[in-house]
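Please read the following points alongside the model displayed below.

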Amino acid sequence: MENKAYRGHVLALPYPSQGHINPSLQFSKRLVSKGLKATLATTLFIHNTMQPPSSSSLQFDTISDGYDEGGFTQAESIHAYLNRMETIGSKTLANLIIKNKNTANPIDCIIYDPFLPWALEVAKKFGISGVAFFTQTCAVNFIYYHVHHGLLKLPITSTPISIPGLPVLELEDMPSFINVLDRTQPTLRWCSINFLA
């Protein structure tokens, strides 16, 4: 496939957890089947853990989250992990773009997980298109929309929860970011909602 003329090169950047990587992996395979070159970039720790197979169609590469030896478990807290991943991940994502810049297939688009909004800023810096890829269901996105626009107030104080277009919900039916009761972790509760601004 070395001489194949691709119609574009997409870099998929999932949040480093299984529920985010698998949908990005499947979507990347679908893009390849449509004639695009796709590279799935995971953190170095995840890459070493999953040991992706070599493939001539789907490429794999890495960025660093700053915790290359142990990933999230090496971090002191979710807040520390996300901050360090943004700082180091931005730099290593930029390096990955530069590495591909003078190849036959430079990166044309970054498809990033909305939990990594800084990836869009890196894409803009290089004049590359950026697209958010939501791995959760539309119902979850709809709940986040209601929270963001103040239509669903947090913390939720009474159940059942009624949201137009959805069945009546209980607190345990809500996304985990909504029903987190630990007030010492505000970043955890709001990180998934901030990107909707």
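1. A polar atom of the His9 side chain lies 2.6 Å from the backbone oxygen of Asn105. The side chain of His9 also makes a polar contact with the side chain of Thr39, at 2.7 Å (a polar contact is a pair of N or O atoms within 3.5 Å; within protein, one must be able to donate a hydrogen and the other to accept it, and residues adjacent in sequence count only if both atoms are side-chain atoms).

2. The model is predicted: local features need pLDDT of at least 70 and side-chain atom pairs count only at pLDDT 80 or more, while totals for chains, interfaces and linings use all residues. Residues are numbered from 1 along each chain as its sequence is written, and side-chain values use heavy atoms, with hydrogens and water left out.

3. His9 belongs to strand 1, residues 9–13 (strands, E, have at least two residues and helices, H or I, at least four; both are DSSP runs numbered from the N terminus). His9 is buried, with a relative accessible area of 1% (buried means under 20%, exposed over 50%, partly exposed in between, with a 1.4 Å probe and protein chains only).

4. Ala38 is 29 residues from His9 in sequence, yet their C-alpha atoms are 5.7 Å apart.

5. The largest nonpolar core has 38 residues; Leu13 and Trp118 are among those touching the most other members (such a core is a set of buried Ala, Val, Leu, Ile, Met, Phe, Trp, Tyr and Cys residues joined through side-chain atoms within 4.5 Å). Helix 3 supplies the largest share of this core, nine residues.
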